[in-house]
Amino acid sequence: MSKAGDWLKEKEIATWRTAVSALRMEYTGEELSEEKIGEDPFAAFEHWFAEAVKHAKYDPNAMVLSTVRDGQPSGRVVLLKGFDERGFVFYTNYGSDKGQALAETPAAALTFHWAELFRQVRIEGKVVKLSDEESSAYFHSRPRESRLSAMVSPQSQRIASRQELLDLMEALKKRYDGVEELQKPDDWGGFRVVPARIEFWQGRTNRLHDRIIFERESLDGSDTGGDVGSDTERTESSSPQNQWERYRLAP
Ligand SMILES: Cc1cc2nc3c(=O)[nH]c(=O)nc-3n(C[C@H](O)[C@H](O)[C@H](O)COP(=O)(O)O)c2cc1C
């Protein structure tokens with residue numbers, strides 16, 4: 001097998017181009033029953049996430065974040081960095097494309113795919129910005145190099161070359177040489193997706209999969225502490241578990 005980074009030969013590429021429709025595997029997950037999934041989608045997610053951490057080869061916390069800007073959907077992978085009954089947290093640059101999309105349209109979808117378990121989880125809801133304190137606490141828990149990268153990268157903006165980025169990094173490292181404390185940039189921080197819908201998908205044999213959905217009324221700005229600007233006001237106002245409706249969809 002070729003190493004990642006080696007370019008495949010033309011012929012090998014051509015073979016896969018024609019054989020792609022024949023790529024097929026059987027999903028052999030266990031039955032996902034209403035009884036097993038229970039009444040509380042957060043507890044169910046916690047359970048599935050723990051199994052993903054145990055079985056996924058890489059990045060069990062990687063998820064596709066989908067946003068909409070000017071009616072155009074856009075997806076990219078980000079890392080889940082926390083979850084509880086308030087929602088699902090990730091960190092990014094607020095000035096990035098996704099940051100601007102969320103400022104315009106504070107709603108998103110998250111999609112996890114745990115191939116080893118034949119599982120998918122889809123989460124949809126409103127999005128709120130984390131408080132500056134919460135973002136700072138996470139920023140300071142990151143390795144120094146990651147903090148410097150967050151400070152130096154004008155995420156999603158055009159740059160002339162990789163060298164430009166390396167030069168900026170070099171200059172920043174010199175500037176903060178011997179300085180222990182690095183300040184979180186104002187345009188870097190977290191978002192929380194407050195779920196209105198969570199779907200658990202379990203791949204089963206012969207494509208007769210299980211899909212169980214939890215849905216509740218979308219939490220609007222009044223519940224989430226206003227617009228995407230902040231979630232400092234948002235505390236225990238999220239709907240209690242018993243307001244979730246649970247149903248099954250055809251696969
Ligand atoms: C495995 C993986 C994890 C990533 N994690 C993050 C993340 O947590 N935050 C982030 O801003 N970008 C992350 N990225 C990069 C994003 O996918 C994306 O390239 C970047 O955020 C710019 O997206 P945008 O231009 O749509 O804003 C990750 C990419 C991969 C492949």
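1. Let's start with the parts list. The protein has seven helices and nine strands. Keep in mind as you look around that this is a predicted model. Of the 251 residues in the protein, 24% are buried.

2. Next, how the chain comes together. Take the contacts between residues at least 6 apart in sequence: 68% of them join residues at least 24 apart. When you trace a contact in the viewer, check both residue numbers.

3. Now have a look at helix H3, residues 41-55. Its 15 residues reach 21 Å from the first C-alpha to the last, close to the 21 Å expected at 1.5 Å a residue. Which residues of H3 are buried? They are Pro41, Ala44, Phe45, Trp48 and Ala52.

4. H7 has 14 residues and spans 20 Å between its first and last C-alpha, close to the 20 Å expected at 1.5 Å a residue. How many of the 14 residues of H7 are buried? The count is zero, so to speak a helix that is hardly covered.

5. On to the ligand. There are 15 residues around the ligand, and Thr92, Ser96, Asp97, Lys98 and Ser156 come nearest. Strand E2 (72-79), strand E4 (87-93) and helix H4 (97-104) each supply at least two residues of the shell. E2 gives the most, with five residues. By type, the shell around the ligand divides into six nonpolar, five polar and four charged residues.

6. Finally, a word on confidence. The mean pLDDT of the protein is 90, and 89% of its residues reach 70 or more. Over residues 221-227, though, pLDDT is below 50, and the model gives this stretch 19 contacts beyond near neighbours in sequence. Residues 232-239 also stay under 50, with 17 contacts beyond four places in sequence. Where pLDDT is low, the predicted coordinates should not be read in detail.

Note on methods:
Residues are numbered from 1 along each chain as its sequence is written. This is a predicted model: local features need pLDDT of at least 70, side-chain atom pairs count only at pLDDT 80 or more; totals for chains, interfaces and linings use all residues. A residue is near a molecule or strand if its C-beta atom, placed from the backbone, lies within 6 Å of it. Helices (H or I, at least four residues) and strands (E, at least two) are DSSP runs, numbered from the N terminus. Ala, Val, Leu, Ile, Met, Phe, Trp, Tyr, Cys and Pro count as nonpolar, Asp, Glu, Lys and Arg as charged, and the others, Gly among them, as polar. The expected span of a helix is 1.5 Å times one less than its number of residues. A residue is buried if 20 or more other C-beta atoms lie within 10 Å of its own, exposed if 12 or fewer, and partly exposed in between; C-beta atoms are placed from the backbone. Two residues are in contact if their C-beta atoms, placed from the backbone, lie within 7 Å. pLDDT is the predictor's confidence in each residue, from 0 to 100.
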